[in-house]
Amino acid sequence: MSQSTAPAAKTRYRPETRLVHAGTLRSEFGETSEGLFLTQGYVYDSAEQCEARFKGEDPGYIYSRYSNPTIAMFERRMIELEGAEAGRSTATGMAAVTTAVLAPLKAGDHVVASKALFGSCRYVVEDLLPRYGIASTLVDGLDLDQWKRAVRPNTRSFFLESPTNPTLDVLDISAIAEIAHAAGARLIVDNVFATPIWQSPLALGADVVVYSATKHIDGQGRCLGGMILSSEAFIAEHLHNFMRQTGPSLSPFNAWVLLKGLETLAVRVRAQTESAGKIADVLANHPNISRLIYPGRADHPQAALVKKQMRAGSTLVGFEVKGGKPAAFRVLNALKIARISNNLGDAKSLVTHPATTTHQRLSIEARAELGISEGFIRFSTGLEHPDDLIEDLTAALEKA
Ligand SMILES: *Cc1c(COP(=O)(O)O)cnc(C)c1O
């Protein structure tokens, strides 16, 4: 195995080039496509080499729970795409979130997080952490004063998603990072909805970025995966040993699928975002819709912030159908191209009713607080022709 002649410097090539080449390792066979090393373990030339490897004096692999050449290629490509110092992959997005949030903390610590979180992320912060003596406070992420007021002497981490799921609010990452740092805390950002193509939280002041690679990074509905990106120091201090011993590791097969997904990530996300913008413009004027949210439009509540911290809108569109749940269900059931699913970021357009699925666990009051009404629909734009998607949506909306 040798490092290819692919870019080594993080910033020498543009993202599209890094997505195709960064991190590629080639075996003695000179394969074009990245090799799939579907192996649990590794053998050693001698007992001495084995000893040296366990002592960390020989750089080779030991066990695929620790690392693996295919996984290393995926991690390297993500690190260079994000412009991070270091990173570690995980089996799922939730393994990435749980590890990044939990690993650096101990009983007696305190976390502040935005209320508008993916359901499982909210469970980790709201239910899981307190069971281990780690207090958490949920705030309205749009209100900077609430972040400031939530700080305690033992606050160690801030956690947020932006744009938020499913209402696509955009939180001020730089301002929240500043509040975190003034309090001696770190900011962890779940960047799934923005994708690494449209938003770089580390450059905005965040300390740790997490992804569900299950979403746009695979982007073709095949496998689950996750990624944590940060400084070398964060990984050495908090993640390295925790991950080796607890084992949230990515499968080499999934790492290989995700590597191939990365090659087309920029092309897909750009096309999906362009279509999402067109869909949002048509829906904005539709008589059966009472509210439309799209971060790429001038009427988005945080439009100025979108311009400042994101390079483009989103592949997701949020809208509220007049007539509540019955009307929303009629629209979902009438769609012919977009399929009903709780997933997002796929090549296939997917449509979600958050109140009865992803956010069903929350009380009606908690949902109302987040703007998730019974008529709210989240549309994940796929790679179909935008005119077909628009015709499908407008025909379904007639049924509302
Ligand atoms: C899907 C998702 C996750 C969890 O990812 P999995 O790969 O399903 O475990 C976390 N955060 C956000 C914002 C997501 O959309």
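A pocket, as the word is used here, is an open set of grid points, computed over the protein atoms alone, with protein on both sides within 12 Å along at least five of seven lines, and a molecule sits in such a pocket if more than half of its atoms lie within 2 Å of its grid points. In this predicted model, the ligand sits in the second largest pocket.

The shell around the ligand is made up of six nonpolar, five polar and three charged residues; of the 14 residues there, those that come nearest are Met94, Asp190, Ser212, Thr214 and Lys215.

| Residue | Protein atom | Distance to a ligand oxygen atom |
|---|---|---|
| Gly93 | backbone N or O | 2.8 Å |
| Thr214 | side-chain N or O | 2.5 Å |
| Lys215 | polar side-chain atom | 2.8 Å |

Taken alone, the ligand exposes 380 Å², and the protein buries 92% of that area.

Turning to the chain as a whole, the domain assignment gives domain 1, spanning 70-263, and domain 2, spanning 272-397. The centres of domain 1 and domain 2, taken over C-alpha atoms, are separated by 24 Å, while 35 residues of domain 1 are in contact with 36 residues of domain 2.

Technical notes: Residues numbered from 1 in each chain as written. Predicted model: local features only at pLDDT ≥ 70, side-chain atom pairs only at ≥ 80, totals over all residues. Heavy atoms only, no water. Near = heavy atom within 4 Å. Polar contact = N/O pair within 3.5 Å; in protein donor to acceptor, adjacent residues only side chain to side chain. Areas by Shrake-Rupley, 256 points an atom, 1.4 Å probe, with all protein chains shown as cover. 1 Å grid on protein atoms, 1.4 Å probe; cavity = no way out; pocket = protein on both sides within 12 Å on 5 of 7 lines; lining within 4 Å. Nonpolar A, V, L, I, M, F, W, Y, C, P; charged D, E, K, R; others polar. Domains from an automatic or database assignment. Contact = heavy atoms within 4.5 Å.
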